[in-house]
Amino acid sequence: MRKREVSALLIGRFQPFHNGHLEVVKSIAKECDRLIVGIGSAQLSHTFENPFTAGERHLMISRAFHDEGLDNFFLVPIMDINRYSIWVAHVASLVPPFDSVYTNNPLTRRLFLEAGYDVRSAPVFNREVYSGTEVRRRIVQGEPWEELVPRGVAETIHEVKGDERLQDIMRDHSPEATI
Ligand code: ATP
Ligand code: MG
């Protein structure tokens with residue numbers, strides 16, 4: 001019989017996946033056999049807060065994990081359903097079975113706790129700069145951002161011209177933009 005594996009779930013939007021996320025993943029990986037990453041708001045892309053598609057995020061994260069030698073993981077895109085009361089059941093229906101959930105997001109924490117799951121906090125790594133908001137801000141302002149993300153993430157963003165996309169989105173949404 002296959003040995004039972006201890007599984008942990010980490011959920012985020014990963015817009016984009018950055019070094020803080022990778023540090024969280026490496027610390028969780030020490031405590032479990034199998035890591036499940038839920039790619040949240042999977043239906044969103046091409047906005048300032050959510051510039052990358054679920055597929056692009058999938059590629060970024062798999063490359064970052066591959067470069068770290070992490071191999072026992074599942075990446076599962078999760079679309080929003082806009083009904084928090086049944087969101088946990090929605091997530092559980094999409095991902096492989098898991099023993100605990102790691103999150104620093106207060107709402108995610110509350111919803112999983114209310115549903116009776118073992119919820120754990122992830123250690124926080126240099127949050128001032130390791131945040132999706134800061135990576136997107138730097139991309140838009142033309143400041144160096146590559147140092148905030150794993151190499152495979154930067155490669156993916158360059159490949160899909162994600163930096164140009166974000167700068168375009170900001171231009172198109174600026175008050176001076178015309179239709
Ligand atoms: P955004 O600024 O776009 O919200 P984010 O950096 O918060 O991006 P998310 O995808 O929203 O990234 O977060 C996924 C999970 O990772 C959340 O639980 C979040 O609190 C956690 N997280 C994000 N950055 C760090 C960090 N530097 N250290 C530890 N946990 C982090
Ligand atoms: Mg966040």
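This is a predicted model: local features need pLDDT of at least 70, side-chain atom pairs count only at pLDDT 80 or more; totals for chains, interfaces and linings use all residues.
Arg138 counts as buried because its relative accessibility is 12%, below the 20% cut-off.

Next, select the largest nonpolar core, which has 30 residues. Within this core, Phe17, Ile28, Ile61 and Phe65 touch the most other members. Several elements each supply at least two of its residues: strand E1 (7-12), helix H1 (19-29), strand E2 (34-39), helix H2 (54-68), H5 and helix H6 (151-159).

Centre the view on Ile61. Beyond residues up to four places away in sequence, Ile61 is in contact with Phe14, Phe17, Val37, Ile39 and Leu75. Another core, of 14 residues, lies apart from the largest one; Val76, Phe98, Val101 and Leu111 are among its members.

Finally, select ligand 1 and the residues around it. There are 20 surrounding residues, of which His18, Phe125, Arg127, Thr133 and Arg136 are the closest.

- Arg13: a polar backbone atom lies 2.9 Å from an oxygen atom of ligand 1.
- Arg127: an N or O atom in the side chain is 2.7 Å from a nitrogen atom of ligand 1.
- Arg136: a polar side-chain atom is 2.8 Å from an oxygen atom of ligand 1.

To conclude the tour, display the surface of ligand 1: on its own, ligand 1 has 600 Å² of accessible area, and the protein covers 89% of that area.

Note on methods:
Residues are numbered from 1 along each chain as its sequence is written. Chains are lettered from A and ligands numbered from 1 in the order in which they are written. Side-chain values use heavy atoms; hydrogens and water are left out. Buried means under 20% relative accessible area, exposed over 50%, partly exposed in between (1.4 Å probe, protein chains only). A nonpolar core is a set of buried Ala, Val, Leu, Ile, Met, Phe, Trp, Tyr and Cys residues joined through side-chain atoms within 4.5 Å. Helices (H or I, at least four residues) and strands (E, at least two) are DSSP runs, numbered from the N terminus. Contact means heavy atoms within 4.5 Å. A residue is near a molecule or strand if one of its heavy atoms lies within 4 Å of it. A polar contact is a pair of N or O atoms within 3.5 Å; within protein, one must be able to donate a hydrogen and the other to accept it, and residues adjacent in sequence count only if both atoms are side-chain atoms. Accessible areas come from the Shrake-Rupley method with a 1.4 Å probe; for residues, only the protein chains shown count as cover.
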